[in-house]
Amino acid sequence: MDLDNVKSDLVTREFLAVVLAGFGNDLVPLTSDYGDEPCPKSLLPVANKPLLEYTLLWLEQSGIKDVLLICPTTHRSSIHHHIHSDVSSSSLRIDLQTYDESQDSNTGTCALLRHFSNRISEDFIVVSCDFIPPPSLPLSLLLNRFRVDALSEACLATTSWYASRAPEKGIVPEEWGPISGPSPVVWDPSTSTLVHIDTPDDQDRNGDEVDLRMSLLSRYPRVKLSTFLKDSHVYVCRRYVLDLLHEKPHFISLKEEFFPWLCKIQYRRSKRVKYGKTLRNMTEQTSQSISLQHSSFSDNSRLAHKADSPADTDDDEAVHTKIGVIIHDTESEPAMRINSLQAFFEMNKRVLSGTTYSLPVDPKNRSLIDQRAQISNDSIVGESTQISERTTVKRSVIGRHCIIGKMVKITGCVLLDHCIIEDGAKLDNCILGKNTQVGVKAELIRCVTQAGYEVNAGETVKGEKLEVSDWMATPDTTVAGNDDSE
């Protein structure tokens, strides 16, 4: 008898992680298809390690065992191959599920959770595959906060927000697209309660001010307001959140619609009365406030605050809810979501800042790098990559199976797998999608390319998004011109 297996079957699963791996439209052209082959956002590498691996490792370190991984149908084959390959070291039990969607459409998180709610039978954690947490923000920190709050204050969910940092000026061109800005949020630091999120509608009505109700300030008189925080898109939720989502079928976004609405239930009597039945079912099964009053691990000041609240004495409002919040503002170890080209570029640069000459360890791979090539200590070179003589690589990430010719200069770049850079080419602060080819003596400055893009020999391009559709149209135009001249 395998005692380990018997024991695991008897243990009730506490959390299910729901990992969302979408198209990544904000990372186009890196996530644009390579012919008929998709380029999933979740497999884009940061420092030659797919984004999905950062997420799975973070979950695994917290003790999570089971994952519901949701991706578009067209990405299933690529992601399935990755999670069952030697590249992935995860030991998690992954249930890979798909949904039908095109890259031009947009299926929101709320719709996905409703659709797959039959697969979620316990409390769950929603995680976007593009969030890279620092060591100072373990998932266990959110889980422990949720555990305490769910018992003492009927917490519906715990959210995580992180301080945004201004990107380095002059490095990333405006042509790469806009950078997502922070959202004004209000929270009560004494109880770690999120009480207000400014929605896009709020900002459209009055972008210069934050409107707060008196009922909010009455219930939480010592709140803090920040306009420099970003949502990590990591939410630890009670299973009952799915019931509330079914009651609001028109909600699409968790951050922009559902959680702003959920925050209002904490201080608006009319909403607690309207949704009291659903909330009361939840609180009756989770309330252990009497026991926690005698516990040295709970915050008794919160219990006292809850007991003294005037709303708690009203029979119509005998329902207590809370949206917990964790604020991460450690400057030395910043968190980041890779939801823009600028963020992808910056995160690779951050990893490089802590790197010391990361070259392939295997002697066979190491022999592919010419001894006369100059590679700086803050660069990373992937396995099976060939670098020829008198080539210079500085502050760059070079992917796997790349071929770098002679006298090439690569500075501050990120090259994905299977790129070919021919002799004498120059690359400065660029991101090259996989299978990009750069011709002899071509020069790219602050450019990003779609997978499979080809740069002609001697061509110079600055500050552009280079997509295959544009490149393929060029020869047709030239041929038509020659026909006319003949």
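**Contacts to begin with**

Colleague: Which residues is Thr159 in contact with, leaving aside its neighbours within four places in sequence?

Modeller: Thr159 touches Leu194, Val234, Tyr235, Phe259, Ile323, Gly324, Val325 and Ile326. Contact here means heavy atoms within 4.5 Å. Bear in mind that this is a predicted model: local features need pLDDT of at least 70, side-chain atom pairs count only at pLDDT 80 or more, and totals for chains, interfaces and linings use all residues. Residues are numbered from 1 along each chain as its sequence is written, and side-chain values use heavy atoms, with hydrogens and water left out.

Colleague: Okay. Where is Thr159, and is it buried or exposed?

Modeller: Thr159 is in strand 8, residues 155–163. Its relative accessibility is 1%, so it counts as buried. The cut-offs are under 20% relative accessible area for buried, over 50% for exposed and partly exposed in between, using a 1.4 Å probe and protein chains only. Strands are DSSP runs of E with at least two residues, helices are runs of H or I with at least four, and both are numbered from the N terminus.

Colleague: Leu194 was on that list. What does Leu194 touch, not counting residues up to four places away?

Modeller: Thr159, Trp161, Val185, Val186, Trp187, Cys263, Gln266, Ile323, Gly324 and Val325. Leu194 is also among the residues with the most contacts inside the largest nonpolar core, along with Leu113, Phe124, Leu254, Phe258, Phe259 and Leu262.

Colleague: How many residues does that largest core have?

Modeller: 38. A nonpolar core is a set of buried Ala, Val, Leu, Ile, Met, Phe, Trp, Tyr and Cys residues joined through side-chain atoms within 4.5 Å. Helix 9, residues 254–265, gives the largest share of this core, with seven residues. There's also a second, separate core of 32 residues, including Val19, Leu52, Ile79 and Cys155.

Colleague: Back to helix 9. At what angle does helix 8 pack against helix 9?

Modeller: About 105°, with the axes 12 Å apart. Therefore helix 8 is roughly perpendicular to helix 9, a label for angles of 65 to 115 degrees. The axes are lines fitted to C-alpha atoms over the stretch in contact, and angles run from 0 to 180 degrees between N-to-C directions.

Colleague: Which residues meet there, between helix 8 and helix 9?

Modeller: From helix 8 (residues 240–247) it's Val241, Leu244 and Leu245, which meet Leu254, Phe258, Trp261 and Leu262 in helix 9. Those contact residues divide into seven nonpolar, no polar and no charged.

Colleague: Zooming out, how many helices and strands does the chain have?

Modeller: 16 helices and 31 strands. The chain has 486 residues, and 52% of them count as buried. Among contacts with a separation of 6 or more, 59% are between residues 24 or more positions apart.

Colleague: Last one: where is Gln371 found?

Modeller: In the loop between helix 15 (363–366) and strand 15 (374–375). Gln371 counts as exposed, at 83% relative accessibility. Its C-alpha atom is 7.1 Å from that of Glu389, 18 residues away along the chain.

How values were computed
Parallel < 35°, antiparallel > 145°, perpendicular 65-115°, else oblique. Nonpolar A, V, L, I, M, F, W, Y, C, P; charged D, E, K, R; others polar.
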